[in-house]
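Student: I would like to go through this model with you and ask, for each label, what it rests on.

Tutor: Gladly; let us look at it together and set each value against its definition.

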Amino acid sequence: MLYPQENLYRNLTKLDGMWRFFADREGNGEAKGLPGGLPKEARDIAVPASWNEQYSDLFHFHGKGWYERIFFAPLDWDSRPVWLRFGAVSGVCKVWVNETLVLEHTGNALPFEARIDNVLHFGQENRLIVLADSTLDPWSLPPASLEGRQEGRVGFASSYPNVTYDFFPYGGIQRSVWLYTAPANRIEDITVKTDVQGTAGIIRFTLKTTAICKGKVIASVGDQVCEVSLDGVEARGDLRIPDAKLWDIGQPNLYAVNFVLETDESKDCYRLDCGIRTVKVDGNRFLLNGKPVFFKGFGKHEDYSILGKGYNDAIVVKDFGLMRWIGANSFRTSHYPYDEQILSMADRHGVLVIGETPFVGLNERMYRPDILEKAKGVIAEMIARDKNHPSIVMWSLANEPNCESTEAEQFFKGMAETARSLDDTRPITYVAHLEPENNVGYPYYDVVCINKYYGWYVGAGLIDETLDEFKACMDRFYQKFGKPMIVTEFGADAIAGMHCDPPQMFSEEYQNEMVAKQFEAMCEKDYCIGAHVWAFADFKTCQSISRIIVNRKGVFTREREPKMVAHTLHRLWNEKN
Ligand code: ADA
């Protein structure tokens, strides 16, 4: 799915800003006519943002949130196809324009759109109503809650709300909303794969149109032009870039390829920023442009005070600046696909990304054929959206699943097959937290990723005494699977400003010592190709006795202030290439 763009043949307007909001606590808003307009008690709400931290009475509202936005449809857009697009809305979403249902979508982190020109009043105001149903559902992906209260769940004390993952279930229109025009027969999709031949870069493209048509497609960048005839819905071609500057870590060489579609009836165009690079797993090495990579970075979250999961440019600018300062070269989109603009930022900064699905907390009860089909659909949506980003170098299909049964093996085999069928250019992984024998999925994946908390959840208070256990655990995974390994999570909670001598849990000294020593331990293993500290910044979680308002494992605070460990990593990561 292409990101909205303004150009010769496309107009664009963003509907972000102040909307109206109504918390439907009785859950009967649709029957009460809310698709025709919100009640008088509706109140201001900012979009994009989660609703939970905008009003204190909405903090623990995990239900049906209704939004309203009045917008003007330009008269000169009349007779042109008009699209309405949401970057992401939490839960089960339904969208009405002038009381006509135009869109439905389920999922928290991927875009969806529909043509709405048939229900628009051009040259007038129009009413947009959005229902974001964020009711906690034990069968959603991720499974938002287990039936009833679960006191003392394995691994975590009970939490409120009771979810199967360690971040707050925010609700709302959390990414931008766009109105845009495009030709009826538009450039529907572009897939770009890149290669290197000698000193030349190859940009191999497949362009799809909305309708069957005759015409031509012209792809160009600089004085390189590739023109292919079109008879159907698909055109393929290669652009050859002599003396190409490859996209690489810290070298974000991008080529703005302009695609023009010309048919007898209409024209369209789209500009796509392409990074020429190759990615390959070769034995124990992860090769980018033929050179081995060691991933230094973080697991992150889309999370900030008041915004909740709402997208904000300033936070993205701040985070990338801090990642550059500390010497990070990568991050994982834990535990869901992030906003497209974050991936574009990674493209522009030469930062590697492990793109992760929203499948966190999968457990044996989920390994059913119907849930697998749902998961395949989400993988397809994620790859369709993100496949052209050079920064994405690997797909992670799950975080910390229980993966022991034959049903689990079939589920993870099915997901792997889906990902490979949709993208044969990137390695795949999933992130494990249990032991090798509890991970029957790995034979179908390319890289082993493990989350291990020795000195925290295992051997609390014992950093030195658990180092050998940590090394032995890494060895067990390598001995069983023989695949390169990234430690995708390790770390400790540290309350900023809390100091102890000798270092004790929850102090900055303890986090600092643990991260430094475990990083050094990873560097001893030639099959270890990466260290991602959990987490980049403190982030909001559910309430539980193990979380002090937020998860405190951040290297930075939630407001992005550095803890002691940030300075240590700055030293270690700027020394290690
Ligand atoms: C798990 C999980 C993270 C976070 C972490 C922690 O590894 O993947 O989301 O919950 O533990 O802080 O305990």
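Student: Why is helix H2 (residues 340-349) called largely enclosed by the rest of the structure?

Tutor: First, a word on the basis: this is a predicted model, in which local features need pLDDT of at least 70 and side-chain atom pairs count only at pLDDT 80 or more, while totals for chains, interfaces and linings use all residues. Residues are numbered from 1 along each chain as its sequence is written, and side-chain values use heavy atoms, with hydrogens and water left out. As for helix H2, seven of its ten residues are buried, so the helix is described as largely enclosed by the rest of the structure. Buried means under 20% relative accessible area, exposed means over 50%, and partly exposed lies in between, with a 1.4 Å probe and protein chains only. Helices (H or I, at least four residues) and strands (E, at least two) are DSSP runs, numbered from the N terminus.

Student: Which residues of H2 are buried, and what do they pack against?

Tutor: The buried residues are Glu-340, Gln-341, Ile-342, Leu-343, Met-345, Ala-346 and Asp-347. They pack against elements including helix H1 (313-326), helix H3 (369-386), strand E5 (82-86) and strand E22 (392-399).

Student: Why is Gln-341 counted as buried?

Tutor: Gln-341, which is placed in helix H2, has 16% relative accessibility and therefore counts as buried, the limit being under 20%. Leaving aside neighbours within four places in sequence, Gln-341 is in contact (heavy atoms within 4.5 Å) with Tyr-3, Tyr-311 and Asp-313.

Student: What makes Leu-58 a buried residue, and where does Leu-58 lie?

Tutor: Leu-58 lies in the loop between E3 and E4, and because its relative accessibility is 0%, Leu-58 counts as buried. Apart from neighbours within four places in sequence, the contacts of Leu-58 are Phe-21, Ala-23, Arg-25, Arg-43, Ile-45, Trp-51 and Asn-52.

Student: What makes Glu-524 and Lys-471 a salt bridge?

Tutor: A salt bridge requires a side-chain nitrogen of Lys or Arg within 4 Å of a carboxyl oxygen of Asp or Glu; in the pair of Glu-524 and Lys-471 the closest N and O atoms are 3.2 Å apart, and the pair forms a salt bridge. This pair links distant parts of the chain, with Glu-524 in the loop between helix H6 (508-523) and strand E26 (528-534) and Lys-471 in helix H5 (residues 464-481), 53 residues apart.

Student: Are the two partners, Glu-524 and Lys-471, buried or exposed?

Tutor: Glu-524 has a relative accessible area of 52% and is therefore exposed, whereas Lys-471, with 18%, is buried.

Student: How many salt bridges does the structure hold, and which residues are linked in a network?

Tutor: The structure holds 47 salt bridges. Arg-85, Glu-113, Arg-186, Glu-188 and Glu-340 are linked in a network of salt bridges, and Glu-340 is also one of the buried residues of H2.

Student: What makes Glu-364, Glu-404, Glu-407 and Glu-437 a negative surface patch?

Tutor: Patches are made of residues with over 30% relative accessible area and no salt bridge, like charges being joined within 9 Å, and Asp and Glu count as negative. Glu-364, Glu-404, Glu-407 and Glu-437 form such a negative patch. Glu-437, in the loop between strand E23 (428-432) and strand E24 (447-451), has a relative accessible area of 52% and is therefore exposed.

Student: What is noted about the backbone at Pro-502 and at Phe-506?

Tutor: A cis peptide bond joins Asp-501 and Pro-502, with omega about 0 degrees. Phe-506 has a positive phi of about 80 degrees although it is not a glycine. Pro-502 is found in the loop between strand E25 (485-489) and H6, and Phe-506 is placed in the loop between E25 and H6. At 28% relative accessibility, Phe-506 therefore counts as partly exposed.

Definitions and conventions
Patches are made of residues with over 30% relative accessible area and no salt bridge: like charges are joined within 9 Å, nonpolar side chains (Val, Leu, Ile, Met, Phe, Trp, Tyr) within 5 Å. Accessible areas come from the Shrake-Rupley method with a 1.4 Å probe; for residues, only the protein chains shown count as cover. The place of a charge is taken as NZ of Lys, CZ of Arg, CG of Asp or CD of Glu.
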